[in-house]
Amino acid sequence: MKQQVLNRVADKSAVIGIVGLGYVGLPLMLRFAEVGYKVLGFDIDDSKVDALMAGKSYIEHISAESIAEARGRGFEATTDFARAPEADALIMCVPTPLNKYREPDLSFVLNTIDSLVPHLRPGHLVSLESTTYPGTTDEELLPRIESRGLKVGQDAFLVFSPEREDPGNPNFTTRTIPKVCGGVTPACQEVGVALYSAVIDKVVPVSSTRAAEMTKLLENIHRAVNIGLVNEMKIVADRMGIDIHEVIRAAATKPFGFVPYYPGPGLGGHCIPIDPFYLTWKAREYGVNTRFIELAGEVNSNMPDYVVGKVAAALNKRQKAINGSRVLVLGIAYKKNVDDMRESPSVMLMEKLRDLGAAVAYSDPHVPVFPKMREHKFDLKSVPFNAETLASYDCVVLATDHDKFDYPLLQQAAKLIVDSRGKFLEPAEHIVKA
Ligand SMILES: NC(=O)c1ccc[n+]([C@@H]2O[C@H](COP(=O)([O-])OP(=O)(O)OC[C@H]3O[C@@H](n4cnc5c(N)ncnc54)[C@H](O)[C@@H]3O)[C@@H](O)[C@H]2O)c1
């Protein structure tokens, strides 16, 4: 069976099933289609499937042309999981959020595998790409797949291969980002490595699915902890009258042993604020406390309050209060040059300012209308970024430093700027670093 699958991968007759067509699934689909594989996409969201079938994109940095081109190469999307047997590989790219107790919510992963299990057949390779705690693949997926009467490693193959997408970063593509892959058995690993090697320049095999799961968590925890450190350094530097951004720029000239991380208004995105807590939760089962993760989480989640404190102090200096002031938040996506709003600290800022009585507006060239979010509601549209608008606010908070903003115009037109990104290098009376 293994050789059969390897042959189908090698001669490109293998059909690639991508399950979950979001920020991770879509670029992967495009890459397999580009290389010449037939790709069958699965999603539970009809509107996404309809858009893709019509050659349209719903993610800003993925062009409609690229979807249409993939369609031309035979890509199809469906909500019908009974079509799973048509695919040789089933690559799961579904969300892994936290629940309201900040514990792993594996419901998307489990619902997906439960929908696939009745349609699994000998020869299937299942790969999980969703970020998760070590043990998920062999504790949750393996028994479900084997319940179908398939022996993993012989009849079917199972790997974990974490996604390393960096949305909005033009320097890397799916092909050029090395991909880690760990299998449940050596045969699983061999098949998984062969599949990914067909489309990705460098595949990094690791000895188990648990090592692969932990690798992804280490990468994201490394970021979360270092961002927490630099956010703490920012507060200390500010009290001492030192510009942390100047310090980071200087430290980054050290050619070894220092990696620059940048402070901001808080952590955002689908990964860094969430993934570390997958490990925290699992570590408890082993009687271990993940103190660095908790501490970084505490520091990072206090950042929106820190920025609000800076807004309050700056307005106070001008004999104004937050209550009743008109405040414009610039940039509400979680990072620059993308339209992704998930876990965006800008939204926390807007809520806190609104709760304190500010009349809050926002401007973001990537987010024309404030989207529906599970836990946040604003009935707002992006206001135009021009001199007249900027001048009409008591305070403008730079939350996400999109390249599309005209910074000289902002500096000239705004009465008061609270800069949480270190964008303005020269001190000015009306610019406050936060
Ligand atoms: N976005 C990133 O930059 C990024 C980077 C690395 C890792 N990841 C990880 O990848 C995983 C997916 O993230 P994403 O950003 O692509 O999420 P996303 O929300 O953009 O996409 C997930 C897709 O899965 C679909 N889906 C949900 N339940 C399903 C089911 N039962 N069956 C089929 N489809 C289903 C949704 O409709 C959606 O289209 C997460 O674990 C995330 O942590 C994301």
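In this predicted model, five strands make up an open sheet, and their order across it is S10-S9-S11-S12-S13. The pairing in this sheet is parallel. Strand S10, residues 359–363, and strand S13, residues 431–433, stand at the edges. Each of these two has a single partner strand, so one side of each is left without a neighbour in the sheet. From one strand to the next, the twist averages 20°. Strands of a sheet pair through backbone hydrogen bonds, in either a parallel or an antiparallel way.

One of the pairings can be followed down to residues. Strand S12 covers residues 417–419, and S12 and S13 pair in the parallel sense over three bridges. Within S13, Ile431 is the bridge partner of Ile417.

Is His270 buried or exposed? His270 counts as buried because its relative accessibility is 18%, and the cut-off for buried is under 20%. If neighbours within four places in sequence are left aside, the residues in contact with His270 are Pro95, Thr96, Asp275 and Arg342.

Val236, Met240, Ile242 and Val247 make a nonpolar surface patch of about 340 Å². Of these residues, Val236 has its place in helix H8, which covers residues 209–239. Val236 has a relative accessible area of 40% and is therefore partly exposed, a class that lies between the limits of 20% for buried and 50% for exposed.

How values were computed. Residues are numbered from 1 along each chain as its sequence is written. This is a predicted model: local features need pLDDT of at least 70, side-chain atom pairs count only at pLDDT 80 or more; totals for chains, interfaces and linings use all residues. Side-chain values use heavy atoms; hydrogens and water are left out. Patches are made of residues with over 30% relative accessible area and no salt bridge: like charges are joined within 9 Å, nonpolar side chains (Val, Leu, Ile, Met, Phe, Trp, Tyr) within 5 Å. Accessible areas come from the Shrake-Rupley method with a 1.4 Å probe; for residues, only the protein chains shown count as cover. A salt bridge is a side-chain nitrogen of Lys or Arg within 4 Å of a carboxyl oxygen of Asp or Glu. Helices (H or I, at least four residues) and strands (E, at least two) are DSSP runs, numbered from the N terminus. Buried means under 20% relative accessible area, exposed over 50%, partly exposed in between (1.4 Å probe, protein chains only). Two strands pair if DSSP finds at least two bridges between them. Axes are lines fitted to C-alpha atoms, for helices over the stretch in contact, and angles run from 0 to 180 degrees between N-to-C directions. Contact means heavy atoms within 4.5 Å.
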